[in-house]
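Here is a briefing on the structure shown below.

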Protein chains: 2
Amino acid sequence: MSTAQTDLAVLAALSVEPMTGYRLREAILRDLGAFWSESFGQIYPAITRLREQGFVATEHGERTGSSVHRLTEAGRTRLVELLREPATSPPPRNGLLLRLFFGDALGPEACRALVADARGRAEALLTELAAVRRDADAERAPELPYRLITISAGEHAARAWIAWADETDAVLAALTPATSPVR
Amino acid sequence: MSTAQTDLAVLAALSVEPMTGYRLREAILRDLGAFWSESFGQIYPAITRLREQGFVATEHGERTGSSVHRLTEAGRTRLVELLREPATSPPPRNGLLLRLFFGDALGPEACRALVADARGRAEALLTELAAVRRDADAERAPELPYRLITISAGEHAARAWIAWADETDAVLAALTPATSPVR
DNA sequence: ACAAACATGTAACCAGTTACATGATTCA
DNA sequence: TGAATCATGTAACTGGTTACATGTTTGT
């Protein structure tokens, strides 16, 4: 059946603590947002499906009409099963690099703007990760090292983009007619 | 209408030289494969659509039944138009980091295997990019610097993954019960 | 003669987003 | 009392892959 991706994320998030579908999405956005995403349109059907399969159990929440979902024992087993499955990554689609590859048709100045933009986003990610790291360090839990591993991955990636952006900007600057060193 | 992503890739690839749909896919795989992908199921309908819109023109190829597609003037304009549009990146879905985030439920040894696998893929990419770089350096063309920019992006990313993998392996090694420094 | 590569296209399916519809609760 | 937030869910759509069906040409 293999809607495995979403199932995994939902089960994994619920393994931390029981919550409503709404909170689930918030948790995914907050904790996994740097490398994962789920929308309501995925989450609610997934919960229903997982309940039918006996992997989550649902109780009434504090608010009228709200439901709090928690992992069952079978659900915990299923979670480990899904975690063990090989990670399938979606086919690459990097719009920035596609544009730069055909940058000659776009012009060096427009390319520099694209690169500067990417640099900015990497810089922002780095700042955000610094905050996440600070928060994470506060808690004492056996999961901490795993949290730090994913944070570190984000940091390595961001620093790599920044270094590439700087190098690339220099290349493009040398290419712009106005700055060309003809004199 | 915004099937813009595929349209852009097809128009861009055809801007280099006219070719058949089959060759188009090969070219995309070979030249853009590190950061882009298109399947036949996308390419053929896209070509039909772009021809109806007057952006590509089609002539008979050498083989019976084969069609060679080329960019029209309107197509070239359209290409630049699409290149100028902001690059929309798909929502992140990194199965590796998702698994590592919940690595405590998976165990340090399984995590190390995942990391080692990722390191291997980064290493392989690096080797492949070295070959691509060698090939690219041979040709003398105004597009060369742009080719090199995308290659460099891949190299930076791959090196970042390798550094992260090594760092992470050390962390996980210290976590494995067998190696734990209790003595 | 046969296999591999070249070539085109469609249909079925899948994953996922977005927009919509609806309503309760909290807080200023 | 009204806005923001919490909460659930569906329907329509989009973008994309995979598998299939079909046939030609090239090379061995």
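B:Arg93 forms a salt bridge with A:Glu38, and their closest N and O atoms are 2.5 Å apart. A salt bridge here is a side-chain nitrogen of Lys or Arg within 4 Å of a carboxyl oxygen of Asp or Glu. The rule finds 2 salt bridges across the interface of chain A and chain B. The model is predicted: local features need pLDDT of at least 70, side-chain atom pairs count only at pLDDT 80 or more, and totals for chains, interfaces and linings use all residues. Residues are numbered from 1 along each chain as its sequence is written, chains are lettered from A in the order in which they are written, and side-chain values use heavy atoms, with hydrogens and water left out.

**Interface: polar contacts and elements**
- Between chain A and chain B, 21 residue pairs are in polar contact, both residues at pLDDT 80 or more. A polar contact is a pair of N or O atoms within 3.5 Å; within protein, one must be able to donate a hydrogen and the other to accept it, and residues adjacent in sequence count only if both atoms are side-chain atoms.
- Elements that give two or more residues to the side of chain A that touches chain B include helix H1 (4-16), helix H6 (108-138) and helix H7 (144-175) of chain A. Helices are DSSP runs (H or I, at least four residues), numbered from the N terminus.
- H7(A) gives the most to that side of chain A, with 17 residues.

**Interface: extent**
- In total, 64 residues of chain A are in contact (heavy atoms within 4.5 Å) with 64 residues of chain B.
- The area buried between chain A and chain B is about 5600 Å². Carbon and sulfur atoms give 70% of that area. Buried area is the accessible area (1.4 Å probe) that two parts lose on being put together, summed over both.
- In chain A, A:Arg93, A:Phe101 and A:Tyr146 lose the most area to chain B, together 16% of what that side buries.

**Within chain A**
- A:Asp117 forms a salt bridge with A:Arg121, the closest N and O atoms lying 3.1 Å apart.
- Both residues, A:Asp117 and A:Arg121, lie in helix H6 of chain A, 4 residues apart.
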